[in-house]
Amino acid sequence: MMGAASLEPVEAPPDACLQQLAQAIPEGVLLCRDGRVLWANEPMAVMAGRRVALCGLPLAELFADTGSGAPGHSDAPALECAVARPGGERRAVLCRCARAEAGGQPGIWVVEDVQRTRRLEGELLQLGQELGKLNRELATLRERLRSERAEREELLAVVSHELRTPLTIISGYSRLLLAEEAGPINEEQRRFLEESRKGCQRLDRFIANLLAASRASKGEEVLEICMGPLAPVIDGVVEMFRPMLDEHEIALELELDRNDCRARFDRTRVEQVLTNLVGNAIRYTPRGGSIAVSVQRVAGDAAERRFLEIAVSDAGPGIAAADRERIFRPYVQIGDEHRAGGLGLGLAICKRLVKAHGGAIGVSERPGGGSRFFFTLPCDEAVGAGVREV
């Protein structure tokens, strides 16, 4: 592009400030007198396709009348005409008269490149159409998401309801056996039946929570927070899985300080998280292997906050780094999980429950092979008034 120095005026140029302003705007600006160009800004020269000064050029050579007149031939305030470019090319322009030539004062014309304007309008129209298409696709996706969410909630409600019948039967027979109405039982049988009864109670509470969640409009978790030792909860979950551990010849190691293992938590929900993690660890650990449950204090997101980190480590095949975030999403299954008959909801539920406590959950590689699932709970030092002790 040419500089302002190439557009030397025939007479004195306009005021310096106005000249700078005229050079800065994208429209062409020209001053004319007696049918000739007195001064023109650079955009006008570019529009005209001329690398020499326009000053002194007759308006009749610069503009071509396309039917509504042209500068120098009409005093209309706005004219649609064409700029005659070298080589015979014409470019459609819209000329607006900012000041008519009179009393020795030059006329001022503002020239707009219609071709450029129409191109921009076309691009804007195209962008508007694309935006409209994206909005329609977004609306479709939202409707699909709403429909799928409603179907999943309905499925969850149906499954939860249908589980109640066999659970009631199992629980009823356990009570009959414990009451020795079908005959005497020994101590080991009584212990097995007690664990079965506790398992039924946990499952019944879990189903009740699922039913409540399916009816909730937002699905937000409601916790019954207490503060107290976490060790009894871990012991109860481990004892529940003792028959499975013995059956698969899996050793379970507990690594925790029972005197420094107090947290702020909902007992039922934390049991649910631990049951899921320990159950998965047993499921993926080969016969004769070992799993570990550990508890340690860790720093929180602020200096004054402390958390307990509960970790469940297994000796399974491990989880690829690319999948360590995905597995906590609903209905995501990796590896051979789809053959186990699950829906891929367990870890997603765990994440929601831990997040409701104000903690976080994740998975890493276990030293020596396997996976290490961990989650955090706030220590009871941060508990406010009104939280009950257990």
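In this predicted model, in which local features need pLDDT of at least 70, side-chain atom pairs count only at pLDDT 80 or more, and totals for chains, interfaces and linings use all residues, six strands form an open sheet in the order β2-β1-β6-β5-β4-β3 with antiparallel pairing, where strands are DSSP runs (E, at least two residues) numbered from the N terminus and two strands pair if DSSP finds at least two bridges between them. Strands β2 (36-40) and β3 (63-64) lie at the edges, each pairing on one side only. Five bridges join strand β1 (residues 28-33) to strand β6 (residues 107-113) in the antiparallel sense, and G28 has V111 in β6 as its bridge partner. Residues are numbered from 1 along each chain as its sequence is written, and side-chain values use heavy atoms, with hydrogens and water left out.

Among the helices (DSSP runs of H or I, at least four residues), α6 (residues 231-240) packs on α8 (residues 267-284) at an angle of about 45°, with the axes 10 Å apart; axes are lines fitted to C-alpha atoms over the stretch in contact, and angles run from 0 to 180 degrees between N-to-C directions. That makes α6 oblique to α8, a class that holds the angles left after those under 35 degrees (roughly parallel), over 145 (roughly antiparallel) and 65 to 115 (roughly perpendicular). In the contact (heavy atoms within 4.5 Å), P232, V233, I234, V237 and M240 of α6 meet R267, V270, E271, L274, T275 and V278 of α8.

The axes of α8 and helix α9 (residues 346-356) come within 10 Å and cross at roughly 145°. Here R269, Q272, V273, N276, L277 and N280 of α8 meet G346, L347, I349, C350, L353 and V354 of α9.
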